[in-house]
Amino acid sequence: MKKSKSIVDLLILLVSIVLFLVIWEGVVIIFSIDKNLLPKPSTIFSNIYTLRKLLLKHSIVTVYEAVVGLLLSLIVAIILSILLDLFKLLNKLFYPWMIISQTIPLTAVAPLFIIWFGFDSLSKVLVVMLVCFFPLVVNILTGFKEVDQDLLDLMKVMKASKLQVYLKLKIPNAFPYILSGLKISTTYAILAAVIGEWMGGKSGLGIYMSRLLHSFNTPGLFAVIFVIMFLSIFLIAIVQSLEKILIKWK
């Protein structure tokens, strides 16, 4: 039953996308809109095919930066969440600074990271980490707080160490929350990598978009935007698939 519902939902989504593209194509043709202002979807897909080798080359770099940054932010978030959960004073001191870090515009941070860490992938990975770690920390801490108090008391009676409490109880309990935070962070990962590349880099979809903008290649820009959308959806789909596999009771 669930499988058939998923297929129906997918079909509805695909039909809505096709309908949107058809309307877009029709509007551009009817009103004779210049392709440098708003290209037709058919023109965009034609550009994707024409630029496929360059798009693939730059996409590999962007996906690498996004995935590495996402995985590192997950590791940092788990370690940081454990420390904040263990030491309440540290939580009170550090948590406001985490919130402040999320209020700083990426367009201000990315150039600084490039100055400090260079034009290579490291600066972009750090931008992705900065964006992605906060939703993960918030969700993991929520998972830690939702642990059944009776189970915690039982662990204390059994004289379990703090490490055992986290490994056997708190982290497994927070697992659904980790995946939830990972889904949120994944939506930001590609975008953060692209912004970092846009500010300065040697390769990647962001720097490629910058070059297309300077050459006033609007269809090419839309082609890159479509690729970025596809990559983001693809990464989210992977996380959702992992969620279904790893959390069988969901």
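Biologist: Before we start, what does contact mean here?
Modeller: Contact means heavy atoms within 4.5 Å. Keep in mind that this is a predicted model. Among contacts in the protein chain between residues at least 6 apart in sequence, 72% join residues at least 24 apart.

Biologist: OK, and how many helices and strands does the protein chain have?
Modeller: You'll find 10 helices and 0 strands. Reading from the N terminus, the elements go α-α-α-α-α-α-α-α-α-α.

Biologist: What box do the C-alpha atoms fill?
Modeller: Roughly 75 × 55 × 30 Å, taken along the principal axes. The protein chain has 250 residues, and 40% of them count as buried.

Biologist: How is the chain divided into domains?
Modeller: Domain 1 covers 1-33, and domain 2 covers 39-246. Their centres, taken over C-alpha atoms, are 28 Å apart.

Biologist: How many residues of each domain are in contact with the other?
Modeller: On the domain 1 side it's 5 residues, and they meet 8 residues of domain 2.

Biologist: And how much area do the two domains bury between them?
Modeller: About 540 Å², with 74% of it on carbon and sulfur atoms. Leu21, Trp24 and Glu25 supply 78% of the area that domain 1 buries against domain 2, more than any other three residues.

Biologist: How many salt bridges are there between domain 1 and domain 2?
Modeller: The count there is 0 salt bridges.

Biologist: Switching to rings: how many aromatic pairs does a search of the whole structure find?
Modeller: The search turns up 10 aromatic pairs. Take Trp24 and Phe226: their ring centres are 6.0 Å apart and their planes sit at 65°, so this pair is edge-to-face. The cut-off for that label is over 60 degrees between planes.

Biologist: Which helices do Trp24 and Phe226 lie in?
Modeller: Trp24 is in helix 1 (residues 2-30) and Phe226 is in helix 10 (residues 218-246), so the pair ties together parts that are 202 residues apart in sequence.

Biologist: Are Trp24 and Phe226 buried or exposed?
Modeller: Trp24 counts as buried because its relative accessibility is 12%, and buried means under 20%. Phe226 also counts as buried, at 17%.

Biologist: Which residues do ring pairs link into a cluster?
Modeller: Phe20, Trp24, Phe45, Phe222 and Phe226.

Biologist: One more: where does the charged end of Arg52 sit?
Modeller: Over the ring of Tyr49, 4.1 Å from the ring's centre.

Terms used. Residues are numbered from 1 along each chain as its sequence is written. This is a predicted model: local features need pLDDT of at least 70, side-chain atom pairs count only at pLDDT 80 or more; totals for chains, interfaces and linings use all residues. Side-chain values use heavy atoms; hydrogens and water are left out. Rings of Phe, Tyr and Trp (its six-membered ring) pair if their centres lie within 6.5 Å; planes under 30 degrees apart count as stacked, over 60 as edge-to-face and the rest as tilted. Helices (H or I, at least four residues) and strands (E, at least two) are DSSP runs, numbered from the N terminus. Buried means under 20% relative accessible area, exposed over 50%, partly exposed in between (1.4 Å probe, protein chains only). A charge sits over a ring if NZ of Lys or CZ of Arg is within 6 Å of the ring centre and within 35 degrees of the ring normal. Domain bounds come from an automatic or database domain assignment. Buried area is the accessible area (1.4 Å probe) that two parts lose on being put together, summed over both. A salt bridge is a side-chain nitrogen of Lys or Arg within 4 Å of a carboxyl oxygen of Asp or Glu.
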